[in-house]
Amino acid sequence: INHIVHNGGLYKRPFNEAFEETPMLVAVLTYVGYGVLTLFGYLRDFMRQWKIEKCQNAIEREEQKDFVPLYQDFENFYNRNLYMRIRDSWNRPICSVPGAKVDMMERVSHDYNWTFTYTGRVIKGIINMGSYNYLGFAQNSGACQEAAAKVLSRYGAGVCSTRQEMGNLDKHEELEKLVARFLGVESAMAYGMGFATNSMNIPALVGKGCLILSDELNHASLVLGARLSGATIRIFKHNNMQSLEKLLKDAIVHGQPRTRRPWKKILILVEGIYSMEGSIVRLPEVIALKKKYKSYLYLDEAHSIGALGPSGRGVVEYFGLNPEDVDVMMGTFTKSFGAAGGYIGGKKELIDYLRTYSHSAVYATSLSPPVVEQIITSMKCIMGEDGTTFGKECVQQLAENTRYFRRRLKEMGFIIYGNEDSPVVPLMLYMPAKIGAFGREMLKRNIGVVVVGFPATPIIESRARFCLSAAHTKEMLDTALKEINEVGDLLQLKYSRHRLVPLLDRPFDETTYEETED
Amino acid sequence: LQEKEELIEEWQPEPLVPPVPKDHPALNYNIVSGPPTHKITVNGKECINFASFNFLGLLDNEKVKSAAQASLKKYGVGTCGPRGFYGTFDVHLELEDRLAKFMRTEEAIIYSYGFATIASAIPAYSKRGDIVFVDEAACFAIQKGLQASRSNIKLFKHNDMADLERLLKEQETEDQKNPRKARVTRRFIVVEGLYMNTGDVCPLPELIKLKYKYKVRIFLEESLSFGVLGEHGRGITEHFGINVSAIFLSS
């Protein structure tokens, strides 16, 4: 399905993204479901208060009974009554390497999910469609693991110091040069945790008097970094370029809200792949807008690095653009490289500034040596520098898996969100009871999936999210698809009416952008 | 419309980052080659290491390393997922059990990044409108946590219990003026066991007395005192002989 795209000349390849509308009947039934659950919730709370039912919640200790209560009753209402019913779909403990197949520890609950006990049995060979293992580097044998073991025996397991003091090993220097070469930028800097990279570097780049334009569905780390920086935040509709352009025009023409002074800087925060929707950012248009209005672009490639692009260099390569157009390229090593940590890449002045002023460089410990070695080995493998074509094969396998899986699911009749090339596949469930049912049914059939509901998604749009991996073989995907088909028939999940509404035709509402000021 | 176009053309933003002088000390890092243990090789010279936080010397311990190698062979390096979605390993659960038993608390939870621990724990409990009394010399992670939580922050002088008592008394008089609001605002004190900025220990017994008198909850940040203070290394509560259940949260 090809859409008519504004600025269509900027795209070198078809951009197929679809978000099918919620069928009306399903939406009504979902609200009814939530209504019934809320009623029952009130009933149970009433019974608990009058001691008819035993209260299993955490209770205050005796001496502290007259302290101000820690949780407001209503805040925890959702937690107590709805989340507790389906809690066994999350925090599932595993006991093997998180590759394509995992072993899970069996958990049972005798009191309706308030407490869990482990039976001691291990369920082996569950097909893992939940871990972020896009290129299959989560291995416990092979070149990466051997190199990491060597470094572990030489350097020890930790660093015990911040980056600016004794924490800068020669391994870190090597890593940063490699990352800069991989991305095609001038230089790069690595940090210990992906979340913390965002929340500690955005405050270093912008401050009061600057404007941040962030996408509606940005990740919590970006939102936290933007709030901590003290700049004004304005939100544009998800992946909607007209909304972004309008905000930019208004911002430059009208200036700061009360004083009408011009803004010092404008920073646009976008992600490469949005993990809950599976959509890819419209990067050519964003870069065109950025150049026209002289603002700066911060691209968070947490999920897309290693997963998109013909040689795994991320969303910039996927669209065939120049990496120097993006001012700040940020990403994490957790997802595709099978390690931990985050990085920021860009021009040399930017990275020098971050080395001196970033909070993480001054106060937080640096990456630990075996993790660094895993990143170096896996990155060299993807680039092909270790002499094999293993990396390239993985990237191609992932692309094939993605296309095949999505096509089959759409043919079966499920509603799938997102771009056709993104390895994150959300399958819509909508009703609260189906969230728990889907997770449990799939586990019975030996497939591990991730289900998400409120508050990570809007209240009626709960979904199951599949993360494809290059380590999944075609047989595994076929087994999974067969099981999904069965469960879909059992739970009546095949809502799609093949009325795919192209994203650009969504009505663009002038009055609904939000302005939040600190 | 013409004016708008002109305004857009004229506007010049500041450069993304201001230029940094080339001889700023942070730009020329000391390159450490080899493991950062007691003797450390910095820029090619061998020195005695007085700068790392390697208090118990476990960085170079053979037992630790061999256990790490074994788990590397079993699990690989990364977890590839958050705790909620297949990122919880049995070793995480075992570590949490052991920590809880060691520290004699009911439960424990672990985070992957030290900085993020206290910076996420504070906003989880203290929201907008709550009151937090915090020491002036609190470390940066605590400051970021407080900033993210949007609560009212009241600073008291470093390790000065009289100052803290004065602030608590003021808060009490305010509460009496508005008892309805006082019933819903939570109050917390955030202190560190061993302060990173000044290196002294907080007077915990007096804090416990203040806690029961004015009904505040205590957040205790034990990054530096865990393993260091106390007879078995349980931290500042063992050092002063206090029951750890009086502390609301210890991190």
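Trainee: Which residues make the nonpolar surface patch of about 600 Å²?

Mentor: Keep in mind that this is a predicted model. A patch here gathers nonpolar side chains within 5 Å of each other, from residues with over 30% relative accessible area. In this case the members are B:F53, B:F55, B:L56, B:L58, B:V64, B:M196 and B:V228.

Trainee: Let's take one of them. Where is the place of B:F53, and is B:F53 buried or partly exposed?

Mentor: B:F53 sits in a loop of chain B, with β3 (45-48) on one side and α2 (62-75) on the other. B:F53 comes out at 31%, so it counts as partly exposed.

Trainee: And what does UniProt list for residues 46-230 of chain B?

Mentor: An unreviewed entry there gives "domain: Aminotransferase class I/classII large". Along that stretch, the model has 44% helix and 14% strand, and its end C-alpha atoms lie 33 Å apart.

Trainee: Over in chain A, what is listed for residues 24-43?

Mentor: The UniProt record, again an unreviewed entry, has "transmembrane region". In the model, residues 24-43 of chain A are 100% helix and 0% strand, with 29 Å between the end C-alpha atoms.

Trainee: Now the interface. How many residues of chain A are in contact with chain B?

Mentor: Contact needs heavy atoms within 4.5 Å. By that cut-off, 98 residues of chain A touch 79 residues of chain B. About 8100 Å² is buried between the two chains, with 65% of that area from carbon and sulfur atoms.

Trainee: What is the salt bridge count between chain A and chain B?

Mentor: That count is 0.

Definitions and conventions
Residues are numbered from 1 along each chain as its sequence is written. Chains are lettered from A and ligands numbered from 1 in the order in which they are written. This is a predicted model: local features need pLDDT of at least 70, side-chain atom pairs count only at pLDDT 80 or more; totals for chains, interfaces and linings use all residues. Side-chain values use heavy atoms; hydrogens and water are left out. UniProt positions are given in the numbering used here, feature names are shortened, and annotations may be inferred rather than shown by experiment. Helices (H or I, at least four residues) and strands (E, at least two) are DSSP runs, numbered from the N terminus. Patches are made of residues with over 30% relative accessible area and no salt bridge: like charges are joined within 9 Å, nonpolar side chains (Val, Leu, Ile, Met, Phe, Trp, Tyr) within 5 Å. Accessible areas come from the Shrake-Rupley method with a 1.4 Å probe; for residues, only the protein chains shown count as cover. A salt bridge is a side-chain nitrogen of Lys or Arg within 4 Å of a carboxyl oxygen of Asp or Glu. Buried means under 20% relative accessible area, exposed over 50%, partly exposed in between (1.4 Å probe, protein chains only). Buried area is the accessible area (1.4 Å probe) that two parts lose on being put together, summed over both.
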